[in-house]
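Subject: A structure for you to look at

Hi,

Here is the structure I promised to hand over. Please open it next to this email, and then read on for what was found in it.

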Amino acid sequence: YDELMIDDSGTRAVLKLLQNIITSVSPDNAYAAEKIVIADRDYLLSRVYSYTYGSVIQSVLKCRKCASPFDMEFSLDDLVASVRGLANNSIHDGQGFYNYDDYQFRLPDGADELAVAGMPLAEAEKRILERCTAKTGTVAGGNDVQSLMKSVAPLLFSEMQATSPAA
């Protein structure tokens, strides 16, 4: 029942939850939740949510345009299938690096998030890109790398745009 005990949605709490509920295949192959890339972690959390509460998510929201309340309902399973279908299926090099043009990158994981915890957003993004980009002599623009990362492993949990039917 670890999934019912979580009282925070921050990186540390999520990693602790995953560390507690996922077991290693063997004692020799120790599992470390902080090494899971963020997109895979999103997927695992969606499975935990569906297992615990079901796939249908219902909520009452307030419209940003007209401030009227409205009901929203969607299937988490459908959302997961849709987002995972956007991935470009690129193959990494065995060390976790993806090769595009003259530069390489790996996907950020929980350890990267923990390393930049507490930094201002712009500084944190810069540091994560530094941690996840291989030194190849060619410097890619930050937005280019972030776009490629999203194409390889789109994130599931992001802000959804919705307006009330009255707006």
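How many salt bridges does the structure hold? There are seven salt bridges, a salt bridge being a side-chain nitrogen of Lys or Arg within 4 Å of a carboxyl oxygen of Asp or Glu. Before the details, please note that this is a predicted model, in which local features need pLDDT of at least 70 and side-chain atom pairs count only at pLDDT 80 or more, while totals for chains, interfaces and linings use all residues. Residues are numbered from 1 along each chain as its sequence is written, and side-chain values use heavy atoms, leaving out hydrogens and water.

Side chains of opposite charge can pair when their charged atoms come close. One of the salt bridges joins Lys-35 and Asp-109, with 3.3 Å between the closest N and O atoms. Lys-35 lies in the loop between α2 (11-21) and α3, and Asp-109 in the loop between β4 and α5 (110-115), so this pair ties together parts 74 residues apart in sequence. (Helices, H or I of at least four residues, and strands, E of at least two, are DSSP runs numbered from the N terminus.) Lys-35 is exposed at 52% relative accessibility, whereas Asp-109 is buried at 4%. Here buried means under 20% relative accessible area, exposed over 50% and partly exposed in between, with a 1.4 Å probe and protein chains only.

Another salt bridge is formed by Arg-131 and Asp-112, whose closest N and O atoms are 2.6 Å apart. This pair links helix α6, which holds Arg-131, to helix α5, which holds Asp-112, across 19 residues. Arg-131 is partly exposed at 39%, and Asp-112 is buried at 0%. Salt bridges with shared partners join Arg-106, Asp-112 and Arg-131 into one network.

**Aromatic pairs**

The structure also holds two aromatic pairs. Rings of Phe, Tyr and Trp (its six-membered ring) pair if their centres lie within 6.5 Å; planes under 30 degrees apart count as stacked, over 60 as edge-to-face and the rest as tilted. The ring centres of Tyr-49 and Tyr-53 are 4.9 Å apart and their planes are at 45°, so this pair is tilted. These two tyrosines are four residues apart in helix α3 (residues 38-53), about one helical turn. Tyr-98 and Phe-105 form a stacked pair, 5.5 Å centre to centre with 25° between the planes. Both Tyr-98 and Phe-105 are buried.

Enjoy exploring!

Best wishes
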